[in-house]
Amino acid sequence: ATTTVPHEDDAAIVPASVPRRKGGGRASVCVVGAIGVHKGYDILLACARDADRRNLDLEFIVVGHTIDDARMLATGRVFVTGRFEPEEAVDLIAEQNAGIGFVASICPETWCLSFGDIWRAGLKAAAFDIGAPAERIRRAGRGILLPLGLSASAINNTLVAAMATAEN
């Protein structure tokens, strides 16, 4: 018999009391990790380009790096913090003062360590409705699920609406 044991108990995750910088500027979406194609690089790039094209009050902050930071930065809608050590994640996420975390993975994940970090930093998370992130959101109720294959404009509309709802 196989026993599956999660890395941690999501119900036990308590947001850290991390100082948040003052708001201002565009609504920010935090994406955490080393973002390659399977982690949603193309999705994130399309969302950034859509935000710019439609002049949305929206930007994306990558706490980590991507496979092509220059293309992301060229959109004018993405800021990249750079590589970090795992123990720095929660503080870095919280310091960005984002309105929501976004796990843009397009391949099913078996756990997704950044989810716990996003939650510990006090953010809800958005993810596609596949794999462990979807199961974790359903179980914990700390986020929103997006249909896989949703267009960049629909993703952006959903993220903006989720942040507006959280503020009220």
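Mentor: Let's start with Ala126, which stands opposite Ile144 in strand S6. Keep in mind that this is a predicted model, in which local features need pLDDT of at least 70, side-chain atom pairs count only at pLDDT 80 or more, and totals for chains, interfaces and linings use all residues. Residues are numbered from 1 along each chain as its sequence is written, and side-chain values use heavy atoms, with hydrogens and water left out.

Strands here are DSSP runs of E with at least two residues, helices are runs of H or I with at least four, and both are numbered from the N terminus. Two strands pair if DSSP finds at least two bridges between them.

Now step back to the whole sheet: it is open, has six strands in the order S3-S2-S1-S4-S5-S6, and its pairing is parallel. Its edges are S3 (78-80) and S6 (143-146), each pairing on one side only.

Further along is S1 (residues 27-35), where seven of nine residues are buried, meaning under 20% relative accessible area with a 1.4 Å probe, protein chains only. S1 pairs with S2 (residues 58-66) over nine bridges and with S4 (residues 100-103) over two.

Key
Buried < 20%, exposed > 50% of the residue type's maximum accessible area, 1.4 Å probe, protein only.
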